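The following note sets out points for a colleague who is about to examine this model. Please read each point with the structure open.

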Amino acid sequence: MANIITIKKGLDIPLKGKINGNVIVDDATTLFAISPEDFPGYTWKAAVKAGDSVKCGTPLLYAKECESLKLTSPVSGTVEEIHRGERRKIEYVSVRKEGSNTQIEIDKNASVLDKIMQSGLFAMMRQRPFDIVPSHDIKPRDIFVTAFDSAPLAGELISAENAKYLESGLKALASLTSGKVYLGVKAGSGISSDIAVVTEFAGPHPAGNVGTQIAAIKPVNKGETVWTLNAATACRIGELVTEGTIDYTCNVALTGPSVKEPHVVKTVIGAKLSTLLNGQLSTDEGKVRVISGNVLTGEKVSEKEGYLHYPYTQITAIPEGDHADEFMGWASLNPKKFSVSHAFPAFLRGLKKPFDFDARIKGGHRAMIMSGEYDKVFPMDIYPEYLIKSILAKNIERMEERGIYEVAPEDFALPEFVDTSKLELQKIVREGLDYLRKELN
């Protein structure tokens, strides 16, 4: 019987736009893109040029520091564009799908690690400390896999058709570590494994975050390295080692209050959003913000020019809020305004009923207030306010003492949401991790 851990500190944000039913719609997108910004820790160089013909699994980019580490094409077709930004930095490489989807051949005699590296799936894992794509020449202490997403309006990470490869994927991962593979599942899911140590998690978000699961099971100490990934990637690895094929399809939850009919779309990673969102957005409340991901950790993208970003599981659409005209502005006592601290009367109607959220900050930036409000939604055994202060001060010794090696930016998404100071905590943590890695190397 799996061990059950209940997360008590956290918050389920009651956002409108939840998926109702199990209807899955097939997507007709023909343009896909991979963005190196989604894969931190390395400098990515183009391995192709515009006009090149590629197969599914053909390397589009490779890491300057490790040429065997690749980002591969999710479809077969023609390279449409290598889009560059300032200082010619590659922002994304797009591929137009053409004809039937043909794949590169993976060496059947290669080791499990080499197969994962050749397929590009290795880049879909993360390493702690630093929350970067792992270094393949460092054997992890343990590997942690999360099988559910507790973020607002999140869909299922694995589908019935690819769940059959989960055990094979866990077995392949077990061969990459001298320690254990831990599988975090939602309480009552019924998911079991003969390979991994299964732990059930109950409670509010961030129960599904792999950082929360690591902290509850076996925290990361200085000098230790663990790898993390979601169950969808583990299933892809399982299919790779079992069938020798690479499956880049994914089920994406199209959610949010500005979506007319929230539903699930079956597409391929990196899909262009204009096709996915065609006719799905409601503009009744003014401009719409489209987010690749969830409202806490996702990235703002263009409705017409944007692409689906890693980890490729969700799109959220919310009103920008430019239509709002409230008496007293953000300080309005509107009973429909959500408030964690009970500063507004909304708590009288109950905080579990869906609320009308938009993209406004609703307040001004100010100095950090040491109020302990982060602790109420931060379940890890860390003092988050003091860690943030040590990062801002660039005090490496204090950062290490206060748990910098255990955290990733997503762990601070909820504290950022409830922060009355309106600090960009995820950005601060990301910069702190990059600074620490640079100094230690």
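1. Parallel pairing around strand 13. Strand 12 (residues 181-186) runs parallel to strand 13, and five bridges join the two. Within this pair, Tyr182 has Val197 of strand 13 as its bridge partner. Strand 13 (residues 197-202) also pairs with strand 1 (residues 3-6), again in the parallel sense, over four bridges. There, Asn3 stands opposite Thr199 of strand 13. Strands are taken to pair if DSSP finds at least two bridges between them.

2. Basis of the model. The model is predicted: local features need pLDDT of at least 70, side-chain atom pairs count only at pLDDT 80 or more, and totals for chains, interfaces and linings use all residues. Residues are numbered from 1 along each chain as its sequence is written, and side-chain values use heavy atoms, with hydrogens and water left out.

3. Secondary structure. The protein chain holds nine helices and 19 strands. These elements are DSSP runs numbered from the N terminus, helices being H or I of at least four residues and strands E of at least two.

4. Four strands form an open sheet in the order 3-9-8-5, with antiparallel pairing. Strand 3 (31-34) and strand 5 (53-54) are its edge strands, each pairing on one side only. Four bridges link strand 3 to strand 9 (residues 90-97) in the antiparallel sense. Ile34 stands opposite Val93 of strand 9.

5. Overall dimensions. Along the principal axes, the C-alpha atoms fill a box of roughly 65 × 50 × 50 Å.

6. Of the 441 residues, 52% count as buried; buried means under 20% relative accessible area, exposed over 50%, and partly exposed in between (1.4 Å probe, protein chains only). Among contacts with a separation of 6 or more, 67% come from residues 24 or more positions apart, a contact being heavy atoms within 4.5 Å.

7. Cis peptide bonds. The bond from Arg128 to Pro129 is cis, with omega near 10°, and Pro129 is found in the loop between strand 10 (126-128) and strand 11 (142-146). The bond from His205 to Pro206 is also cis, with omega near 20°.

8. Positive phi values. Arg88 is not a glycine, yet its phi is near 60°. Arg88 belongs to the loop between strand 8 (77-84) and strand 9, and it is exposed, with a relative accessible area of 57%. Lys394, likewise not a glycine, has a positive phi of about 55°. Lys394 sits in the loop between helix 6 and helix 7 (396-401) and counts as exposed at 52% relative accessibility.

9. A buried loop residue. Phe338 lies in the loop between strand 19 (314-319) and helix 6 (384-392). Is Phe338 buried or exposed? Phe338 counts as buried because its relative accessibility is 14%. Its C-alpha atom is separated by 9.9 Å from that of Lys353, 15 residues apart along the chain.
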